[in-house]
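User: I would like to learn how to read the helices and sheets of a model like this one. Please take me through some cases.

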Amino acid sequence: ANISAFLGQKTLSIESTIQLVNETPDTVTIYCRFSPSGRFEPTFLTELQGGQTYCVPVDIVTNTEITGLLFGSTTQRGKCSTDVLYWPETACPLPPGSPARGEAAVYLSAGGGGAAGNSSGLSLMAFGESNAGEQWPVQHINFLGVDAAGRLRTFNYTVTVSPRFEDEPQFVQPRASPVATTATVTAGSRKKLSLTQVSSPPIDPPPKKSKFNSQPKAYRLIIQTPASLHNLLPVPVIFEAAGIENEIQPGHHAVLCSVQSTGFSFKMSFVYDEKDYSCSHNVSQDTPELSMISFETRDGYDVIVLNLGLRCSRRPGHMDMTIYSPYWMVNKTGLKLAYKFSRSIVPLPRKSKDHDLPEIVHPADFPGVLMFSAAARSFFGESKVLLRAEASAWSSSFSLDIVGSWGRVHCEDSEDKSYEIAVKIDLSSSGLTKIITLMPYFMIVNKSPISIECAQVRDTSEGAPGTWISVPPGGAKPFWPAAVGSKKMFMICRLDSNILTPAFQLYESHSVLLRLDNKYVGLFAEVQTTDEVTVINLQLYQEGMALVNIINNLDDGRALFFLQRGTGQTHKLEAGQRTFYAWDDASKPRQFLFYFDDPGKAKPLDVTTDGYNTFVVNKTTYHWVSFLSKLQRTVLFTNNAEEANAAAKAAEIEAIDQEVTLVLQSIGVSLVNNHSCQEVCYISIRSSDIKWNRVKRENRTKPLRPEVSTELEILYNRFLDKLRVGEKCEERVTLPDNIKPQITVDLGQMVMLEPERCILRRTFQPGVHLQYRSSPHQMHIHAKVFRIQVDSQHLDSTFPVVFAPFQAPASMDLDSGPKPLVELIALVYRTTDKEVFRFKRLECLIQEMQCQLDQGFLNEMLDFFAGSVPEKDELTGFLVDQRSTEGELLDIPVIKDILRGGKDSIFDFLHISPIKMHVSFSLVGSSQEGRQTAFHSDVLNLFLQSLGVALTDVQDVIFKLAYFERRACIMSMSKLTSEMTRHYAGQAIKQTYVLLLGLDVIGNPFGVIRGVAQGVEDLFYEPVKGAIIGTEEFAEGVALGVRSLVGHTVGGAAGAVSRITGTLGKGVAALTLDDDYKRRRREQLSRRPANFSAGLAQGGKDLVMGVFDGVTGIVTQPIDGAKKEGVEGFFKGMTKGLVGVFTRPISGVVDFASSSFEGIRRATSTSKEVSRVRPPRFIALDGVIRPYDLFQAQGNVLLKVPFL
């Protein structure tokens, strides 16, 4: 019985405990085994279409004479299957006092034992899913029918049993006494319940103990096909099994209704590269999830073999098969390519005569993608290949498995020609296929409305070459430079077949306007060089592209001379004139010089940034001002001071006329899974810790020692509490005797009296500080986020704190106190165009961070957000993958970013600091072990399997991403975003190699080496910082440095030993076979000791409890097992108890060593340990989410934490 409420009206409805779910694409006819007249004959119930559900009528489920359902096809009405579908007896238990069931009442029994009752001979497969200790067998149903093609064939279906509800609802059961509640239920699947109240309902007698609990359970019987085949090949596939043939289009799948889910044989064929490939294969329960399947074809007398991958994923009663190619090779170079493996294996497909030089040719005009794979013996191993372009030599080997990365492959030609090829590796949406895109490393993009011809020259003095590359308007072409040194790579361009531009360099990123003395004025060339690709962007002159607009506004008629250093070419600008200037020689040093009379007194001038200066010539003072006018850099020479000041003010900061400041001390977000009634995560933005400082000379502050600051804060809060309630309190207080030297303060005056007299200052940084100031033409933005922390709220988490700022050593307070995690400063100028902004200064500073994940937390978060993340359809994902392989160079994302339109903005200085993060990952830490997450993570699992690696524990691996910076550039916001994304994503992928040194296979020995190096660095660095502040601080800096050296060497070694012993303890604990013991062990180890004594005490407790649990487990484990699973559970418990006698004491000894060494590491550490912001939220049994109560949360932790 379910109760629903809508707009204040409650509706009570009932439905039977058995529900049929049709997950097949066909319509199935359902029959019951008895008629209303009472005879045992099939009776039609309903036609159940694919995707629909049907609740079996209550009178059929509760019938005590005969049970079971029959199936048939809609085209064969009246012809039923001989196989009968049964359900568990717990769906309809007999009320106390009811008569016994009839001989034809047969029920499904748990544990794979078939059916229970008086009937026998049922052929049921003991392969089901487990829930609450129940394992129901898979039932097979066979019947004749006509398929969509009009063929008469046998339909094989499987039926699995699963609970309908996680929390069982209320059940309405008949009474053995006179009826007090009347319920009328017909054959419909769902009816309203009509209740009739009586004055004195009779009392039921106490229930008798029986084999089954009298409380019913609701089940879902899922009808499904035994197998399905998914085609992830780029060609149609013809599949034949059990005499039935199906054609499956790329990206589609077909259901197989004529096979058995336990195994079958099939034939498969397809047409690829104008050849017919075919194979025969068998699958069974022993077939691994990922296997190889070989297709063959004939080319004359030769046999060509193509190895593809077959994935077999299973769930109860169903087998999902997927045919795929490990690699898709996409050739966008326009060249004939060839591949071969770097090892002595023969790649396939191949011809039998090609043993001497096994290679695969990939023509430039090959239609679609090239399916590529390795030989059978190395199909799932590491794949490293060599590449050849046209008639070049073979390149060095490179890997095809590093997904998300770009690579640059060099192929040297015998004719002094070089082929630089960029290799981009992507992962398909299925996670099975890697898409390898090969494209030119050098590409020319023409954004002008006319055709442009380009050619390479070895030197700027070299004349026009004989070979030109013509790039059409709005097009892109590959560029293959000659095999010369990088410092000798220059390019010239030609317009209208006879207008040549000066040469410009290609070996580094830059932009330059190539001056043309004709109608085109100039050609703007922008070279973007990265590790992935180099793009040469060409476009005709537009406003703002000139290097500088020079204005000579000298009143005395003096001429201005200017030149580029190293060119020997001088330009003259008369007074009262102006000119646009571009570099005379783009290959020479780009330094602008100017003078008036004497060339020997030429002065440099930076024409890329704002500036203002004065100089004297013949006792006359002149001024020059560099400023930005719209998009054009302008330099004004004048002897009028007011005019120069007016021009310079355009770049100065204006008076603020509006200011908005937002300050938040803290923000907290609690994520609660209302289905499991557990708090999953707590996200907080918090202020800094309160620091007490003493004010010294020149209003400089110095923080007090942490223990002094803590005691002062306690006394100050007591002082404020007494003032608040009006009590008398002493303003002059002395700190406890354990603090030396003795300190006396006056809290009313905020003054320290002893041991020295100075002013006290209590400071802290808010969690969020946002300041916005504006003037008529400028905006100032200053944002700070002090501390972001993400906590896992499971008590057995391996890492209670998932994300937090990395705790800096104590010496950081000596410098500038605590720093915000993220700080952003922006100075933005408005231009005449409302959509164009000038970012005078944009800086973002990100402090060091730590991220610690365990698999349990990750699964919980995936479950939490699974409902809001739409799952991509398989066909949609395949079509996206297929579209990514199509198109020309213009469809490459880098080229699209260049050709994409949009308003450009000006960036004088943009800088994002380097990012440094400490990463740890653990495979344990979940209280929901073994439970499948709602969000599919097959892509990650399949990717790891394809690499032949297993995800293991990672501890304290450091990721370092270099800073991102742009100076004096003009670009759109979309282009800037794309560059930033590629910059950090590319570096993050390259940084993954550090995982090889951080794998927790046997602890983290690398941490010892890094710890010692860090200690030596601190000893050298911190005294220097102290010397900058003053002599007294220098002595304290030396002390901090020595302590840091001890902490990093002793603590680093102890931490590594702690991790090594922790890894051993984890393995020994796994041998106990007791999930509850492993969970309690994780909860105990998650409470890390604060010092050596605490670590010794915790380790001693682990040792004692290990021996105690091992001895008592011989008795307690069989008893607990018998309570849960009966006789079978008793013997399982006996096995666990016997194994635990040996393994639990050993685990206690190892944990004792691990806790002791962890205590040593904590005692010698100079950083403060990060802990949870607050205990996990307490949620009562009613599941109602109430406001957070700290006392309830602390009490809940005390009751859940295991003690002695």
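Analyst: Keep in mind that this is a predicted model.

User: How many bridges join strand S59 and strand S60, and in which sense do they pair?

Analyst: S59 (residues 744-746) and S60 (residues 751-754) pair over 3 bridges, in the antiparallel sense.

User: What is the strand order of the sheet that holds them?

Analyst: The order is S57-S56-S61-S60-S59-S58, an open sheet of 6 strands with antiparallel pairing. An edge strand pairs on one side only, and here the edges are S57 (701-703) and S58 (732-734). From one strand to the next, the twist averages 35 degrees.

User: Which helix packs on the sheet, and which strands does it touch?

Analyst: Helix H3 (residues 706-725) packs there, touching S56 (691-695), S58, S59 and S61 (758-763). The direction of H3 makes about 100 degrees with that of S56.

User: Where can I see a sheet with mixed pairing?

Analyst: Look at the open sheet of 5 strands in the order S28-S25-S33-S32-S31, where the pairing is mixed. Its edge strands are S28 (370-372) and S31 (406-412). The twist averages 30 degrees from one strand to the next. Within this sheet, S25 (residues 327-331) and S33 (residues 434-440) pair in the parallel sense over 5 bridges. Tyrosine 327 stands opposite lysine 434 in S33.

User: How should I read the buried side of a helix?

Analyst: An α-helix has 3.6 residues a turn, so residues three or four places apart point the same way. In H5, the buried residues are Gly856, Phe857, Glu860, Met861, Asp863 and Ala866. They pack against five strands: S54 (667-673), S55 (678-686), S64 (787-792), S65 (801-805) and S68 (849-854).

User: What span should helix H5 have, and what caps its N-terminal end?

Analyst: The 12 residues of H5 (residues 855-866) should span 16 Å at 1.5 Å a residue, and the end C-alpha atoms are 16 Å apart, which agrees. The cap is aspartate 854, with a side-chain oxygen 3.2 Å from the backbone nitrogen of glycine 856.

Definitions and conventions:
Residues numbered from 1 in each chain as written. Predicted model: local features only at pLDDT ≥ 70, side-chain atom pairs only at ≥ 80, totals over all residues. Heavy atoms only, no water. Helix = DSSP H or I, 4+ residues; strand = E, 2+ residues; numbered from the N terminus. Expected span 1.5 Å × (residues − 1). Buried < 20%, exposed > 50% of the residue type's maximum accessible area, 1.4 Å probe, protein only. Contact = heavy atoms within 4.5 Å. Polar contact = N/O pair within 3.5 Å; in protein donor to acceptor, adjacent residues only side chain to side chain. Pairing = 2+ DSSP bridges. Axes fitted to C-alpha atoms, helices over the stretch in contact; angles between N-to-C directions.
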